[in-house]
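Colleague: I am new to this one. Could you take me through its charged pairs?
Modeller: Gladly. Here it is.

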Amino acid sequence: MNRGPSLDFPAGFTWGAATSAYQIEGAVDADGRGPSIWDTFTHAPGAVADGSTGDVACDHYHRYAEDVDLLAGLGVTAYRFSISWPRIQPTGSGPANPAGLAFYDRLVDALLDRGIDPVATLFHWDLPQPLEDTGGWLSRDTATRFADYAGLVADRLGDRVKLWITLNEPFVHMSFGYGVGSHAPGRALLFDAFPVAHHQMLGHGLAVAALRARTGAPVAITNNYSPVRAFGSAGAQPGDADLAAAAAFHALQNRLFTDPLFGRSYPAELPFDLAVVRDGDLATIAAPLDALGVNYYNPTGVRAPDDPAGPLPFELVPLTGHPTTSFDWPVVPDGLHELLTGLHREYGPALPPIQITENGCSYDDTVGPDGRCHDPDRVAYLDGHLRAVHRAIADGVDVRGYFVWSLLDNFEWAEGFTKRFGLVHVDFDTQRRTPKTSYAWYRDVIAAGRLP
Ligand code: FCB
């Protein structure tokens, strides 16, 4: 068999899978966990597409050992999970809840027993509700609270977690949660949500310091990036206004949460009131990082808004001519190569090594009468995107790892259980786990260290 070197990944490349606490754990009342903004949000009528909540989700809190077995069977070298802040601090401040810490202690040890590196995200959107009641991320105090919480977690797990990620996708949390209100906490402030951006970034910087004071393990932040494509109106070539709209969207999604990490100020293209930014904040935010977490799902089409005086300086345009997932997201593997080489170009030597902390797709997967779950579209998706990563590495981008979103079908935020992203199918009535074809495919890729 021809085993040329062309599709080999570098030795030591991290092969992973990812999840987040609220999407899989369930057990929302167990062992002293406090309420999070997602508990409140999902219990409000009409907030979630299928009316579901994360109350039970994948019941991972009780079934984590079985899920670690699934990770071990997959052969991943790392597992990215998130820690539920309201399990550690039920009210968002004060001493740690011992039972909450003990759960992650057991999880981390179970991973290490199987030779899997624990990668812990500290904030994947499940803010303790009492902190939202005092302003949430609109309040500067939440940044300080976040650093305190990071310190409590690192005091307990700092000797064993191999990579820390402060925040997951602060762009989505700001824009969906506080900008348009489709996610918790359901605020619709548009550009007045800017304090949420700044206080998350400040919380990140303060948490980096809290982690560094307690552990020598590497520290990162995860952003979701989307290459932007400019379009003109009604099929015309993009004009100057369309290009300006594309630049504004690029500033909002890709630069707002990245420029200040690398010593730049917030992008000037956007109508933000920067009054909340105090002297010294940008220096705190620019604390050196050991890695940049990159989540990628698809590029974004943008054109000028019909009404230049409207609330947003851009209008989103659906991308056509690509296959789509069950989320109607276009499948564009080249976009991942474009994004990785773009970050490399844009930030140059300031850019730390990259970990692809999420990439994946949803399809309407079912378990057939033969008891199997065939998901050839997911295999094609992962194959295409891993090829794009491989090409980016060959082009000089320092990509050190890749985590599939997600290990399990899970609670997909405002879409509830209607979107399945897992390598493993979950029957939410019985909690039965069925590894899909993509699980076997990824297992073989990991074992070989190369694409077929
Ligand atoms: C990302 C989130 C993750 C999951 C995927 C599909 O934006 O970080 O929790 O919902 O999208």
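Modeller: This is a predicted model. A search of the whole structure finds 32 salt bridges.

Colleague: Why is the contact of Asp 105 and Arg 160 called a salt bridge?
Modeller: The cut-off is 4 Å between a side-chain nitrogen of Lys or Arg and a carboxyl oxygen of Asp or Glu. For Asp 105 and Arg 160, the N to O distance is 2.9 Å. That is within 4 Å, so the pair qualifies.

Colleague: What parts of the chain does the pair link?
Modeller: Distant ones. Asp 105 sits in helix 5 (residues 98–113). Arg 160 is in the loop between helix 7 (140–157) and strand 4 (163–168). The two are 55 residues apart.

Colleague: How do you know whether Asp 105 is buried or exposed?
Modeller: Buried means under 20% relative accessible area. Asp 105 has 15%, so Asp 105 is buried. Arg 160 has 14%, so Arg 160 is buried too.

Colleague: What makes Arg 378 and Asp 365 a salt bridge?
Modeller: Their closest N and O atoms are 2.9 Å apart. The limit is 4 Å, so the pair counts. Arg 378 lies in helix 13 (residues 376–394), and Asp 365 in the loop between strand 10 (354–358) and helix 13. So the bridge ties together parts that are 13 residues apart in sequence.

Colleague: Which other partner does Arg 378 meet in a salt bridge?
Modeller: Asp 375, at 2.8 Å, N to O.

Colleague: Why are Asp 375 and Arg 378 called buried?
Modeller: Asp 375 has 2% relative accessibility, and Arg 378 has 1%. Both values are under 20%, so both residues count as buried.

Colleague: Which residues are linked in a network of salt bridges?
Modeller: Asp 365, Asp 375, Arg 378, Asp 409, Arg 420 and Lys 436.

Technical notes. Residues are numbered from 1 along each chain as its sequence is written. This is a predicted model: local features need pLDDT of at least 70, side-chain atom pairs count only at pLDDT 80 or more; totals for chains, interfaces and linings use all residues. Side-chain values use heavy atoms; hydrogens and water are left out. Helices (H or I, at least four residues) and strands (E, at least two) are DSSP runs, numbered from the N terminus. Buried means under 20% relative accessible area, exposed over 50%, partly exposed in between (1.4 Å probe, protein chains only).
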